[in-house]
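Subject: Structure for you to look over

Dear colleague,

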Amino acid sequence: MQSEEYKKYMRSDRWKAKKQERIDIDKACVMCGRPLDKIRSIQVHHVTYERLGHENVMTDLCTLCGSCHKKIHNYYNRKRA
């Protein structure tokens, strides 16, 4: 379950700016390589939540299509179980 702090941050202008900065860097889904202009649901994934709110755009975030984002979370959820 997501904390209220996390939910609030994910709606903030600070997060929107970091998300856009990462999208501008990647220009494609980092897993499947599909160009962003061919992706309906562009998403930015937190590689780590250790610095939530103070992410390093280069090392803590990556751009994924919706399908790959779902796959990576399913993988992490299986590893935790």
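What follows is a short account of the overall fold and then of helix 2.

Please bear in mind that this is a predicted model. The protein chain contains three helices and two strands, and their order along the sequence is α-α-β-β-α. Its radius of gyration is 13 Å, close to the 12 Å that the globule rule gives for 81 residues, so the chain is as compact as a globular protein of that length. The C-alpha trace spans about 35 × 35 × 20 Å along its principal axes, and 35% of the 81 residues count as buried. The accessible surface comes to about 5900 Å², and carbon and sulfur atoms account for 51% of it.

Helix 2 takes up residues 13–26, and its 14 residues reach 20 Å from the first C-alpha to the last, close to the 20 Å expected at 1.5 Å a residue. Its buried residues are Trp15, Lys18, Arg22, Ile23 and Asp26; because they cover an arc of only 140° around the axis, they lie on the same side of helix 2. An α-helix has 3.6 residues a turn, so residues three or four places apart point the same way. The cover over the buried residues of helix 2 includes helix 1 (4–10), strand 1 (42–46) and strand 2 (61–65). After helix 2 comes Lys27, which has a positive phi, near 65°.

Key: Residues numbered from 1 in each chain as written. Predicted model: local features only at pLDDT ≥ 70, side-chain atom pairs only at ≥ 80, totals over all residues. Heavy atoms only, no water. Helix = DSSP H or I, 4+ residues; strand = E, 2+ residues; numbered from the N terminus. Expected span 1.5 Å × (residues − 1). Buried < 20%, exposed > 50% of the residue type's maximum accessible area, 1.4 Å probe, protein only. Arc of directions from axis to C-beta. Contact = heavy atoms within 4.5 Å. Rg over C-alpha atoms; globule rule 2.2 N^0.38 Å. Areas by Shrake-Rupley, 256 points an atom, 1.4 Å probe, with all protein chains shown as cover.
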